[in-house]
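Welcome, and please open your viewer. We will go from stop to stop, selecting a few residues each time and looking at what is there.

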Amino acid sequence: MQNDRVRDKTLDFRGIPASQGLCSIHPYPAMLHFLLARKFIREFSSEGDLVFDPFCGSGVSAVESLINNRNYVGYDINPLAVLIAKVRTTPIPTEKAFKQLELILKEEVKGCEIPEFPNVEYWFDEDVIEELARLRAAVFSIEDSNLQNLFKVAFSETVRLVSRADLGEFKLMRAKRTKRQDVKLVFEAVARRNIARLSAISKLKPEARVDIQQVNVLNDLPMEDESVDLLITSPPYGDSKTTVAYEQFSKLSIKWLGLDDSFKNHQLGAKVKDREHALPSEELMARLEEIKRIDPKRAREVYGFYADLYKAVANISRKVKPGKYAVIVVGNRRVRGVELPTDKICTSFFSQFGFTHTITLVREISNKRMPAGTMKHEYVVILQKRL
């Protein structure tokens, strides 16, 4: 199958972090670079069009759609990601937000409920737990849902910053040493920064509609078939346990926010699967045989991930209008020393559902942290749905 790769240095964005402005509201792992989203949203859609991201994460594509006046639908299985994405794209009057912040900081709540979850004392000092509980109660008492979400996101980041977690590590690990921080001061600094960044869209008064939902793309999708003008997304590069552990990154915040963490059991590749049938990718099936000779269990895990990805592609593909484009950003990981060419695999999968491969652009990156090291390249697969 034709799958030309073209190195494009203009997509490297050297020296420009993936998270800036609105996209720097709350950290999130392995984010799509905002300039990458911006380029292809402008190139393959027009104002008023509908942009769809079925793996929207913390909402980078949502932000770029909003500021470029594109309507938008975004899905993600992680409730923390959905919360962050909603906050990044919800205009709130700056003065109103600052007034609410002052009320939170002045409120003295006593006898607050402390969330119960295993090892809470391992991750937080006792006095920090009490301070977080008071702050949590103040945030949860806000009646305006948009304001409450804004300060939930600030609270979530505060939880991470005042915990004993090592923020420099890939997975959730306790730091050897932690510096005692004042919970309210950390929260205030984070909240003020977020309000200032959010003022960018508050001033724009965008007209585009943004709809972000917690949805599992392995199930039926709550949108009409052939309604999407541009599909742009960056699906997981592999099962969460061995690539980007989104649930570990989110764990402490989710517990403190009272969100449902059962999503971890439904992510792509969450379940090991015996090979029921060949998937429509010769590249993939050949690599699976190589891995199987070395480690049969890992071969089953890899098959499980790609079987789920194929099912997701089947659901997603139906939503795109004929003649319109799909932009899929992936990384090619290694398992037991065998490279998995996910860009070519995705091309094969999408071709089964009426898409023609246009080009694959290769960009160099320096900040995609993976368990086995650093990923050096991303592949931007561009496809067009046949008329």
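**Stop one: an aromatic cluster**

Start by selecting Tyr28, Tyr246 and Phe249, which form one aromatic cluster. Rings of Phe, Tyr and Trp (its six-membered ring) pair here if their centres lie within 6.5 Å; planes under 30 degrees apart count as stacked, over 60 as edge-to-face and the rest as tilted. Before moving on, a word on what you are looking at: this is a predicted model, in which local features need pLDDT of at least 70 and side-chain atom pairs count only at pLDDT 80 or more, while totals for chains, interfaces and linings use all residues. Residues are numbered from 1 along each chain as its sequence is written, and side-chain values use heavy atoms, with hydrogens and water left out.

How many aromatic pairs are there by this rule? The count comes to 13. One of them joins Tyr28 and Phe249 edge-to-face, with 5.6 Å from centre to centre and 80° between the planes. Tyr28 lies in the loop between strand 1 (5–7) and helix 1 (34–44), and Phe249 lies in helix 9 (residues 246–257), so this pair ties together parts that are 221 residues apart in sequence. Helices (H or I, at least four residues) and strands (E, at least two) are DSSP runs, numbered from the N terminus.

Buried means under 20% relative accessible area, exposed means over 50%, and partly exposed is in between (1.4 Å probe, protein chains only).

Now select Phe124 and Trp256, another edge-to-face pair, with centres 5.8 Å apart and 80° between the planes. Phe124 sits in the loop between helix 5 (120–123) and helix 6 (126–140), and Trp256 belongs to helix 9, so the pair connects parts 132 residues apart in sequence. Phe124 is buried with a relative accessible area of 1%, and Trp256 is buried with 0%.

Switch to a cartoon view and select strand 2 (residues 50–53). Both of its faces are covered: Leu50 and Phe52 on one side, and Val51 and Asp53 on the other, are all buried.

To see the partners, select Leu50 with Asn71 in strand 3, then Phe52 with Leu231 in strand 5, which stands opposite.

**Stop four: cysteines**

Select Cys56 and Cys23. The sulfur of Cys56 has its closest cysteine sulfur in Cys23, 12 Å away, which is too far for a bond. Cys56 is buried at 5% relative accessibility, and Cys112 is buried at 18%.

**Stop five: salt bridges**

How many salt bridges does the structure hold? There are 22, each a side-chain nitrogen of Lys or Arg within 4 Å of a carboxyl oxygen of Asp or Glu.

Select Arg192 and Glu102, whose side chains meet in a salt bridge (2.7 Å, N to O). This pair links distant parts of the chain, with Arg192 in helix 8 (residues 183–204) and Glu102 in helix 4 (residues 94–106), 90 residues apart. Arg192 is partly exposed at 31%, and Glu102 is partly exposed at 32%.

Then select Glu283 and Lys344, which form a salt bridge of 3.9 Å, N to O. Glu283 lies in helix 10 (residues 282–294) and Lys344 in helix 12 (residues 342–351), so the pair ties together parts 61 residues apart in sequence.

Finish with Glu339 and Arg334, also in a salt bridge (3.9 Å, N to O). Glu339 is partly exposed at 28%, whereas Arg334 is exposed at 53%.

Conventions
Two strands pair if DSSP finds at least two bridges between them. A disulfide is a pair of cysteine sulfur atoms within 2.5 Å.
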